[in-house]
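Subject: A structure for you to explore

Hi there,

Here is the structure I promised to send you. Have a look around it first, and then read on for what turned up.

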Amino acid sequence: MRVAVGQFSAGTDKGENTTAAGRLVEAAARAGADLVVLPESSLFGTSGGSRAIAAVAEDLDGPFVTAVAGFAGQYGIAVVVGTYEKSPDGLPHNTLVALDSRGGIVGLYRKVHLYDAFGYRESEGIAAGVPGEPMVFSLGGFGFGAFTCYDLRFPESARAAIDAGADVLLVPAMWIRGPGKEDHWSTLLKARAIENTAYVLAANQTGPLATGYSMAVDPAGVVVANAGEEAGLIVADLSRERLTRVRRQVPVLDNRRFAVVPHAVARPHP
């Protein structure tokens, strides 16, 4: 099965962002991919605080998701994309939407671990999703699970998706630039692949805000494609044989002795 990962820099013009997403969907389809993964926050990107998001968030049947669904149907390719979703309960969600090749929604994931780190407070403008509700969908004989950006720093996010049937972990992100951040990004992506013996497909935004370097990593932690810093597309072929062979050689999923349990109340930090 061929998959693609697209990266670009979303700005404050939602129309331009939608057009950029559509071009990547078209390019992925022309490359023969059955699925393309696009970054977190593809709807809207800003260097401002998260409180600005409420004004631009959309319903799932709003213009952005509707347009991307149209691209999926037009080009006959499944798409996973990050958006900001209005919520009747108050703050919007940072949401991933999975669309099948006809443009139908087959999965949703609302970011659980909000980016309250490195001096930023995502929780001031975004409502967290519910822990323990991984998004997993099937395509081409593989199970695909997804989580978002900062979730990558929490191995439980990946393991919850694996326990729900994922063979491939999708990580749409807007991994903000900063000292050591590119190394954190690549190290964590490879770690999630190795410890779960799973493929990892990571779609990051590019500069000026984010680091780029979207990747495809195989179940042994080998980087099979890297997009570098510029906007563009990478493709990779998923192999059921490769997945099975790695899991037989290193049966960590069979050998483990701990389960993932959602932690509802955060422990206080000293």
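On the surface, Glu 182, Asp 183, Glu 229 and Glu 230 come together as a patch of negative charge. To find one of them, go to the loop that runs between strand 11 (223–226) and strand 12 (232–237), where Glu 230 sits. Glu 230 has a relative accessible area of 59%, and it counts as exposed because that value is over 50%. Please keep in mind that this is a predicted model.

Next, the charged pairs. Side chains of opposite charge can pair when their charged atoms come close. How many salt bridges does the structure hold? There are 15, and here are some that you can look up yourself.

One of them joins the side chains of Glu 58 and Lys 14, with 2.9 Å from N to O. Lys 14 belongs to helix 1 (residues 14–30), while Glu 58 is in the loop between strand 2 (35–37) and helix 2 (63–75), so this pair ties together parts that are 44 residues apart in sequence. Is Glu 58 buried or exposed? With a relative accessible area of 9%, Glu 58 is buried, whereas Lys 14 is partly exposed at 26%.

Another salt bridge brings together the side chains of Arg 240 and Asp 167, at 3.1 Å from N to O. This pair also links distant parts of the chain, 73 residues apart: Arg 240 is in helix 5 (residues 240–249), and Asp 167 is in the loop between helix 3 (155–163) and strand 8 (168–173). Arg 240 is partly exposed, with 37% relative accessibility, but Asp 167 is buried at 9%.

Arg 192 counts as buried at 7% relative accessibility, and Glu 195 as partly exposed at 27%.

Salt bridges can also be found in a network here, which links Glu 40, Lys 111 and Glu 122.

Finally, a word on the record: an unreviewed UniProt entry places the feature "domain: CN hydrolase" at residues 1–240. In the model, that span is 23% helix and 29% strand, and its end C-alpha atoms lie 9 Å apart.

Enjoy exploring!

Best wishes

Conventions:
Residues numbered from 1 in each chain as written. Predicted model: local features only at pLDDT ≥ 70, side-chain atom pairs only at ≥ 80, totals over all residues. Heavy atoms only, no water. Patch = residues over 30% accessible without salt bridge, like charges linked within 9 Å, V, L, I, M, F, W, Y side chains within 5 Å. Areas by Shrake-Rupley, 256 points an atom, 1.4 Å probe, with all protein chains shown as cover. Salt bridge = Lys/Arg side-chain N within 4 Å of Asp/Glu carboxyl O. Lys, Arg positive; Asp, Glu negative; His and termini not counted. Charge placed at Lys NZ, Arg CZ, Asp CG, Glu CD. Helix = DSSP H or I, 4+ residues; strand = E, 2+ residues; numbered from the N terminus. Buried < 20%, exposed > 50% of the residue type's maximum accessible area, 1.4 Å probe, protein only. UniProt positions renumbered as here; feature names shortened; annotations may be inferred.
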